[in-house]
Amino acid sequence: MVPDLLVTGVRVWSGRGRGLLALDRLAVPAGQSVAVMGASGAGKSTLLYVLSGLLPPDEGQVLWAGQDIAALNEAGRAAIRRHSFGLVFQDYHLFEELSALGNAALAAAFAPRAARAALVARAGGWLARLGLAGLDARSVASCSGGERQRIAVARALACEPPVILADEPTASLDRAAADALGADLAQLARADGRTLIAVTHDPAFAARLDRRLVIADGRIIEDSHD
Amino acid sequence: MTEMWRALSPGMQDALVALLLVAPGILAGAIVLGGLAPRALVRAMLRRFAWVNALFVLLIAVSVGVGTGLVAQERGLRQGSARAAEKFDLIVAAPGSELTAMLAAVYLQPSDMALLSGTQYAEIAGAEGVDFAAPIAFGDSYQGAPVVGTTAQFVTHMAGPLAEGPLFPARGEARGGAYAPLAPGASFSPAHGEADAAEHDAHDGVSYRVTGRMAPTGSPWDRAILVPVEGVWAVHGLPDGHAPGDARIGPPFLSDQIPGTPAVLVRAREVWGNYALKSQFTRKDMMAFFPGTVLAQLHGLMREIRSAMSLLAVLSQVLVTLSVLIGLMILVRLIARSLAVLRAIGAPGRFVFAVVWSYCAVLIAAGAGMGLGLGWGAARLLSAVITSRTDVLVTARLGWNEVHLVAGFISLTLLLALLPAWAAIRRRLLVDLRG
């Protein structure tokens with residue numbers, strides 16, 4: 001069973017003491033898809049980084065499966081990301097010199113030897129499921145933006161994480177590609193019972209998700225459910 | 001343990017030293033890479049910054065190549081000069097500089113030397129224990145190659161049987177050194193003097209025909225044209241060592257018919273006899289010396305310079321190593337974003353460490369390997385240049401010294417590459433991820 005994600009009393013300050021994030025409580029039930037919206041600089045990405053353990057908060061707890069991610073060391077946070085969180089970035093962050101499958105199965109490089117083949121097979125399966133069947137060997141450099149982001153999603157899903165954290169996954173795509181990817185992400189999360197938390201400026205994508213948070217000045221000012 | 005070590009052949013000892021030198025680097029690699037598979041990612045990073053990586057490899061290669069090439073060259077020069085002198089057992093000359101006499105007799109360098117008289121030559125040639133005593137006569141040249149007069153015995157002693165043709169059958173016949181500018185069958189008229197001072201028409205009317213060629217000796221004698229010593233004397237209007245009308249070639253010579261010789265190349269019947277002869281002819285009116293000893297003294301004098309060169313080589317390797325370290329630190333900044341992506345998707349720090357270390361190791365190994373190749377090429381090129389300018393056959397090859405130097409360099413830099421790898425996983429993840 002996928003655990004809930006719970007944030008309590010989290011505070012993040014900038015180096016100059018400016019408050020970047022102040023969340024008293026945020027609970028994301030397992031399997032829920034959440035859109036995090038707000039103006040630029042509002043603290044959306046900071047929230048995502050805190051949830052993923054990329055940015056340990058200055059105060060507070062981020063609880064996942066009974067563990068406080070914020071209290072773990074770097075190795076512990078990396079292990080959580082490796083096993084439980086799939087990350088998707090706005091500008092893909094793919095390795096241009098690797099093939100589509102090489103990128104999607106990137107985690108195989110640091111997976112235990114016995115798990116590598118299965119991980120590569122799963123990555124190939126995700127590529128196919130995301131509409132990139134037959135493109136395994138294709139160089140990422142020759143892929144379109146939409147294809148690249150799908151490869152990035154396949155990479156995030158290759159380890160079958162229960163949580164997907166996406167930072168503006170559709171922002172670099174044209175309207176059609178953004179709509180298609182948004183629909184796929186929402187559907188994938190729903191079908192497999194994954195938790196999806198996506199920072200987005202795209203109302204159309206946000207509308208596809210179960211819940212919408214609006215953040216301003218690091219605080220949640222609006223929280224709406226379908 | 002010591003006994004076991006001594007029982008090993010020198011080659012085995014050198015191989016083991018090389019292995020021991022490179023072992024720390026290999027051990028570090030085994031520990032860093034154990035159970036991980038960073039190859040595809042390292043290849044991707046190498047391809048991403050291919051030109052920068054290539055430049056970095058080239059810089060390592062050049063520094064390693066220069067270091068190994070110079071060490072090999074210095075050794076090759078020493079060995080070449082020693083090899084050129086090894087057939088010259090004992091030289092007897094008029095009192096003066098042994099070095100000048102050696103340069104003239106062994107390396108055929110133009111020089112002004114006092115002459116030994118015919119009586120002195122006869123005394124030397126007739127001394128007990130002398131196998132042969134070859135007078136030499138030089139001062140003429142043809143197309144830059146010295147024309148040297150001597151005896152068949154000495155030529156045979158130095159170069160063995162001729163590679164082509166019989167040896168000194170007649171006065172007007174010459175033998176080319178292995179690389180002399182004349183092929184068998186060619187005729188020539190020698191110039192008086194050598195190099196720029198040569199008078200090309202001084203011996204007009206005198207002609208030699210080349211009827212044979214010596215086997216290579218690795219000495220300046222390979223470029224020389226050898227003629228019977230009688231011919232050189234006669235060409236200069238001097239008595240030719242034999243009674244008038246006697247057309248014989250070679251010893252014995254009549255002491256009152258010898259016009260003088262700058263040096264006599266002596267070989268004793270027994271090796272120990274050379275020492276007795278040296279002692280016998282080291283006196284006020286002549287000097288006797290072993291060219292090998294003079295050369296050893298010369299090399300001994302250069303030992304200090306060699307030590308300084310070695311120190312400089314080590315210092316330069318240290319500087320290169322530090323430069324490599326700084327370069328690797330800079331290169332790691334180039335790949336920082338890729339590394340941040342890896343860390344963001346959950347790659348363990350150990351894996352990121354392994355990626356960076358492997359990336360550095362590939363550059364270091366490629367640079368060092370290419371450096372050995374460059375060193376080999378540079379040594380060959382320099383050897384060819386020195387051989388063509390001095391006629392001393394210098395065959396600088398990369399030896400165990402250079403292998404040890406490179407093995408030590410690789411090992412040290414592989415260990416130092418742990419630093420940029422460590423620095424890479426200490427970088428601020430989010431800062432690098434945002435670029």
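Visitor: In which helix of chain B is the place of Arg350(B)?
Guide: The model shown here is predicted. At 43% relative accessibility, Arg350(B) counts as partly exposed, since partly exposed runs between the buried limit of 20% and the exposed limit of 50%. The place of Arg350(B) is in helix 12 of chain B.

Visitor: Which backbone oxygen does the side chain of Arg350(B) reach?
Guide: Leaving aside residues up to four places away in sequence, Arg350(B) touches Ile31(B), Val32(B), Leu33(B), Gly34(B) and Leu36(B). The side chain of Arg350(B) comes to 3.5 Å from one backbone oxygen, that of Ile31(B).

Visitor: How many Å apart in space are Arg350(B) and Ala421(B), C-alpha to C-alpha?
Guide: In sequence, Arg350(B) and Ala421(B) are 71 residues apart. In space, their C-alpha to C-alpha separation is 9.4 Å.

Visitor: Are helix 4 and helix 12 of chain B roughly parallel or oblique?
Guide: The axes of helix 4 (residues 50-85) and helix 12 (residues 349-390) of chain B come within 5 Å and cross at roughly 40 degrees. Angles under 35 degrees count as roughly parallel and 65 to 115 as roughly perpendicular. Helix 4 of chain B is therefore, relative to helix 12 of chain B, oblique.

Visitor: How many charged residues has the contact of helix 4 of chain B with helix 12 of chain B?
Guide: Helix 4 of chain B passes helix 12 of chain B in a right-handed crossing. By class, their contact has 20 nonpolar and nine polar residues. The number of charged residues in the contact is given as no charged residues.

Visitor: How many residues of the contact of helix 2 of chain B with helix 13 of chain B are nonpolar?
Guide: The crossing of helix 2 of chain B past helix 13 of chain B is left-handed. Residues making the contact include Leu21(B) and Val22(B) of helix 2 of chain B, and Trp400(B) and Ile410(B) of helix 13 of chain B. Five residues of this contact are polar and one is charged, while the nonpolar ones number 14.

Visitor: Is Leu108(B) buried or exposed?
Guide: Leu108(B) sits in the loop between helix 5 (98-105) and helix 6 (118-126) of chain B. Its phi is near 55 degrees, a positive value in a residue other than glycine. With 9% relative accessibility, Leu108(B) counts as buried.

Visitor: What is phi of Ala65(A) near?
Guide: Ala65(A) lies in the loop between strand 4 (59-64) and strand 5 (67-68) of chain A. With a relative accessible area of 48%, Ala65(A) is partly exposed. Most residues other than glycine have a negative phi. Ala65(A), a residue other than glycine, has a positive phi, near 50 degrees.

Visitor: Which backbone oxygen does the side chain of Arg148(A) reach?
Guide: Arg148(A), in helix 5 (residues 145-157) of chain A, counts as buried at 14% relative accessibility. Among the residues that Arg148(A) touches are Tyr92(A), Glu96(A) and Ala141(A). At 3.3 Å, the side chain of Arg148(A) reaches the backbone oxygen of Ala141(A).

Terms used
Residues are numbered from 1 along each chain as its sequence is written. Chains are lettered from A and ligands numbered from 1 in the order in which they are written. This is a predicted model: local features need pLDDT of at least 70, side-chain atom pairs count only at pLDDT 80 or more; totals for chains, interfaces and linings use all residues. Side-chain values use heavy atoms; hydrogens and water are left out. Helices (H or I, at least four residues) and strands (E, at least two) are DSSP runs, numbered from the N terminus. Buried means under 20% relative accessible area, exposed over 50%, partly exposed in between (1.4 Å probe, protein chains only). A polar contact is a pair of N or O atoms within 3.5 Å; within protein, one must be able to donate a hydrogen and the other to accept it, and residues adjacent in sequence count only if both atoms are side-chain atoms. Contact means heavy atoms within 4.5 Å. Axes are lines fitted to C-alpha atoms, for helices over the stretch in contact, and angles run from 0 to 180 degrees between N-to-C directions. Angles under 35 degrees count as roughly parallel, over 145 as roughly antiparallel, 65 to 115 as roughly perpendicular and the rest as oblique. A crossing is left-handed if the near helix is turned anticlockwise from the far one by less than a right angle, and right-handed if clockwise. Ala, Val, Leu, Ile, Met, Phe, Trp, Tyr, Cys and Pro count as nonpolar, Asp, Glu, Lys and Arg as charged, and the others, Gly among them, as polar.
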